[in-house]
Amino acid sequence: GQFLAVSRAFTDITGYTLADVPDGRAWVRLALGVPDDRADAVHAAMLSAHADGPPAPLVTRVRTRAGGHREWVFHGSAPRPLPDGRRYMTSMAVDIT
């Protein structure tokens, strides 16, 4: 899916801007370190976790643009419809490093 916005705190912590991670595939490739040939499959699995409602919080290691690592707890919403038929989800992360 397409990312519509990232917060200033996200950019301050990770070094990534919306231009760096315009979609989920770019996010799993850059921040989660998933190789290009597996990025689509990993991203699809992440989306399917939201299919029946909000997924359980997920603790994962995030790679920053500078090459460091942070431990984050991700929380996400269930998909919701937009007037034009698209769906959106919100997510947030807590840095527990």
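Helices (H or I, at least four residues) and strands (E, at least two) are taken here as DSSP runs, numbered from the N terminus. The model is a predicted one, in which local features need pLDDT of at least 70 and side-chain atom pairs count only at pLDDT 80 or more, while totals for chains, interfaces and linings use all residues. Residues are numbered from 1 along each chain as its sequence is written, and side-chain values use heavy atoms, with hydrogens and water left out.

F74 counts as buried because its relative accessible area is 18%, where buried means under 20%, exposed over 50% and partly exposed in between (1.4 Å probe, protein chains only). Not counting residues up to four places away in sequence, F74 touches W27, P57, L58, T60, V62, M92 and A93, a contact being heavy atoms within 4.5 Å.

F74 also belongs to the largest nonpolar core, whose twelve residues are F10, Y16, V21, W27, V28, A31, V34, A39, V42, V62, W72 and F74. Such a core is a set of buried Ala, Val, Leu, Ile, Met, Phe, Trp, Tyr and Cys residues joined through side-chain atoms within 4.5 Å. At least two residues of this core come from each of α2 (24-30), α3 (36-48) and β2 (69-76). In soluble globular proteins, nonpolar side chains tend to be buried together. Two members of the core, F74 and A39, are 35 residues apart in sequence and 18 Å apart in space, C-alpha to C-alpha. Another member, V21, is in contact with F3, F10, Y16, A26, W27 and L30, leaving aside neighbours within four places in sequence.

What of the threonines? T14 lies in helix α1 (residues 8-14) and is buried, at 2% relative accessibility. A polar atom of the T14 side chain lies 2.7 Å from the backbone oxygen of F10. Beyond four places in sequence, T14 is in contact with T64, R65 and W72. T64, in turn, sits in the loop between β1 (58-63) and β2 and is likewise buried, at 9% relative accessibility.

Finally, M92, one of the residues touched by F74, lies in strand β5 (residues 91-95). M92 is partly exposed, since its relative accessible area is 45%.

How values were computed:
Polar contact = N/O pair within 3.5 Å; in protein donor to acceptor, adjacent residues only side chain to side chain.
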